Amino acid sequence: MEFIIASAIGVLTAGGTYLILRLRTFPVILGLALLSYAVNVFLFASGRLAIDMAPILSKYGDPSYTDPLPQALVLTAIVISFGMTAVLVLIGLGAFLEAESDRIDMDRGESDSDQNKDAAQ
Amino acid sequence: MTEGHQVLFFIALLPFIGALLPGLMIRAGRTACASFTAVPTALALVMLLTLAPAVLRGEVVQAEVEWLPQLGLSLSFFVDGLGLLFACMILGVGLLITLYARFYLSSADPMGQFYTYLLLFQGAMLGIVISDNILLMLIFWELTSLASFLLIGYWKHLPEGRQGARMALAVTGGGGLALIGGMLILGDIAGSYSLTEILQQGEAIRASDWYLPALILILLGAFTKSAQFPFHFWLPHAMAAPTPVSAYLHSATMVKAGVFLMARLWPVLAGTDAWFYIVATTGLVTMVLGALIALFKDDLKALLAFSTVSHLGLLTMLLGFGTQAAAVAAVFHIINHLTFKAALFMTAGIIDHETHTRDIKRLGGLRHLMPVTFAIGTVAALSMAGIPFFNGFLSKEMMLEEASHTGWAGSAYAVPVLATLGALLSVAYSLRFIGHVFLGPVRDDYPHKPHDPPFGMWAAPALLAVLVVLIGVMPFLAEGIVTAAASAVTGTDLQPYLKIWHGFTPALWMSIIAVIGGAVLLLLHRPLDRIWISAPRPEAKPIFDGIVTGAAALSRRVAEGTHNGAISRYLAIFVTASVALGAVAFSGSGLSEPTRQLLPVPAVVAVGWLMLIVATVAVVTMHHQRFRALVLVGIIGLSISAGFVYLSAPDLALTQISVETVTIMLLLLALHYLPKTTPKESPLGMKIRDGLIALAAGGGVGALAYAFLFRDIDTISDYHLANAYEGGGGTNVVNVILVDFRGYDTYGEIIVLGIAGLVIYALMHALLDGPAARRLKNSDYTHNRSRDRHPMMMVVATRVLLPIAAVVGIYIFLRGHNQPGGGFVAGLVVAIAILMQYMASGFAWTEARQRIEYHTMIGVGIVVAGLTGAGSWLAGRPFLTSAYTYINLPPIEEFELATAMIFDLGVFLTVLGAVMLMLYSLSRIARHSGETVNTEPMDYDPAERSTQSGAES
């Protein structure tokens, strides 16, 4: 089980990392989504793995529970990463609609002339 | 010591509060604006004067409020003799300048701005001289640099103003940085940042190994501020400021801040060889050099600027001597210099104002045309020259007296000779100010026909000139304040006697030499001036500009070399560096023995894992087909939700699955307007490079996870498990942590989420106002679309589902405290239910039925959560302490009511509002791109067919 989780984290990280190194906005957003999964699972796993030990206090049965703290942290992290994805998607979309290009890298020639203009002032 | 004079806080705050007034009062006219600037200054001055009797008796007035005690920073002020002297100077001259500036500024200048800057500066400067905490003093110190920047650059249209302001800020700001270092060392040696305590520890500080570094750093701060050689060059360039600023900042107050600092720390730092050789030598060199340059400046203000440099050098030298008599002379000269120099600057301003030139070579003969100005200017200039019966003479005599018996590196003559030379040059340029401006024949080629200004303009310098004469004739008038200030500087009770006649002392002979020599020098001015102009000499401005240009070029090279605008490159570097750091940390420490047993892997789990791995690999390989990749990401998300269920995290599973749904919807909406495929453009080498980086990162993170999964840790969660029910009143520990134990975190997180929603809304708003909107309007929206935009089946199904989904949401919300669920999940579930209406029935139809704005929902949610948290203050408990009780209503089973649930309601509303606002914002694009607005829920558009078939045929 531990190997399954660790390898899933590893594969998700590798996939996410590869995608965020692409040159267009959409793959980068997908890559960040994969990385968020990896990070969330990683944080969750830091509470160690447990089966059938949900942190719901019970009057009956075996009183052993998994670590609730990482779960609470990851829960908000999931929601926040949605907010982050949404902002990024919108920035990417806005950039595409404004510039008609969804490349993430700046155009070198243009930026240089801009900077020189700034310096001249 | 007198404790707790709260009036000190008012004195310190008044200028800052007053700074708000001029900007408002300018609407009521220029005189009203000036009057309202004078009020806070005058009020502060009156308050200060009520403290004066006690201070003059030798008491120290203090007031303190703790600010950041952990850092040793407290809001503490004190006024002793030295502080009183400077504070009176700052406020008194401030009043005069306010009056003068009212007449000096032309109607085209924004006067409200000027007075606001002036009061800001006044507050900062006042703060320096009455701070009892050196950290506080540093804050005010930096504020003076900033305020002076604003004032020097007040005439924004003048390039000299902008450049002068920048240079002053660079030099004094740089010195300020050094000063921060020096002061922190000083505080560290003394073990306290309180000035009163530091002043007690002179012995220990001088004996410390860190004395010299601290001394040098502090002196760097003082020398740059007080324009000491070789940092003197900024002051003349700061003369681009309006003359009231020059008179106030660059003669009377700000440039004296360095002198003040040396005087303030005199008991602690003075008395060592290092102090004497650094401070006295710098002062001596600055005095002679400044006076020499002043003699050959043709610009009136430049002449006065270099003369100020020279006099600041004189003060520095006196403090550098380290004797008590020299300290008395320094304090006395501070007063005298203030009176005559501020008067001279204002005179120069009047001349500039009336004749429209400051060039001495174009002036002369003004005594007939401007008799009042002539009288004021002459009195002040004679005092600057050090002629008897004017106050400048008295302190100059004391300076020469001190210089006459100061040896320098074994030479008994170096200091007296150079000091006499400085005095001689000072006489020469002072007399030149009178002779070349006022005396001589009346000319007929002034740029503007001069005459005396209105009373309001010459009143301030006239008052100062009266002071010059009064102190000059009756020096005992100043004895009280000089005694108090000098005692404060030296830390001992002094009884100086200020008198005109000391007998035939060496100082008198030096003075006589200086006056005669100075007069002779002025007679020789014309040939000397020719030699001076032809002689090569280093100019500070090109050197300074060269350094600045070089530094800017260097930083541009570094910035452009590393930041070339390619985000993928930054990310590659960032990931590689993180992996490398992780590898170093990983290899450095040995791993402990594994302590945990492996859990078994059932077949279902293995299948899920396989799905996840295959989907991830497929996303990476097929990401060029964007829709396909999106579907695959959905699979990954669902597998992870299933994993959470299996691994005892029901709350996470619920959240993940609902977030997954809205994320996919969001991406689908976005993808509608983005290209549907990603072009294959990365070269093979780049793919291999990225692949290697990705494998290293994935391998590293995976190995790390694998390593820690085998080992136990100490966790703080036992506390949460034990107290969730008793303390928080809930059995779902995760939810109790969210709304109770870590409620503050959650509160911050919902605020972030709300902000994200508003950011998206605002971005979209800006986007739809720009060129993107036109582009959208022209986009071919009708292409390739279903005519049955809102199919009946879906409309009916979602309409039926809405109440059910809402009930599920409420259920999940209510059970959240005890069973998996809670505000986050409930918010997402309800959001999905509403989203379904948007999808099925169309935006317009749904929106027409929407009663509450999503912004409102976010706001209400955050306010509810915040008020719930604040409610615990009423019970005298910390923010967000939860209270709960059990209620028994007969038909229903006993249930629990906790304040945490109200907090959770806030979470619910914020999440719902934010998610809906995000998706709604995206949907606005559709409307802009020409989607027709439906009025009926079920919307069939037969016209679509004809347009489409028409296009095809």
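A salt bridge here is a side-chain nitrogen of Lys or Arg within 4 Å of a carboxyl oxygen of Asp or Glu. The model is predicted, so local features need pLDDT of at least 70 and side-chain atom pairs count only at pLDDT 80 or more, while totals for chains, interfaces and linings use all residues. Residues are numbered from 1 along each chain as its sequence is written, chains are lettered from A and ligands numbered from 1 in the order in which they are written, and side-chain values use heavy atoms, with hydrogens and water left out.

**Exercise 1. Work out how chain A meets chain B, and which parts of chain A take part.**

Step 1: start with the contact, meaning heavy atoms within 4.5 Å. Chain A puts in 80 residues and chain B 113 residues.

Step 2: look at the buried area, which is the accessible area (1.4 Å probe) that two parts lose on being put together, summed over both. The two chains bury about 9,000 Å², with 77% of that on carbon and sulfur atoms. On the chain A side, Phe26(A), Arg48(A) and Phe82(A) lose the most area to chain B, together 9% of what that side buries.

Step 3: count the charged pairs. There are four salt bridges between chain A and chain B. Now for the helices (DSSP runs of H or I, at least four residues, numbered from the N terminus): α1 (2-20), α2 (25-45), α3 (68-99) and α4 (108-120) of chain A each supply at least two residues of the side touching chain B. Of these, α3(A) gives the most, with 24 residues.

**Exercise 2. Say what the salt bridge between Asp712(B) and Arg596(B) links.**

Step 1: their closest N and O atoms are 3.0 Å apart.

Step 2: the pair links distant parts of the chain, 116 residues apart.

Step 3: both ends are partly exposed, Asp712(B) at 45% and Arg596(B) at 23%.

Conventions:
Buried means under 20% relative accessible area, exposed over 50%, partly exposed in between (1.4 Å probe, protein chains only).
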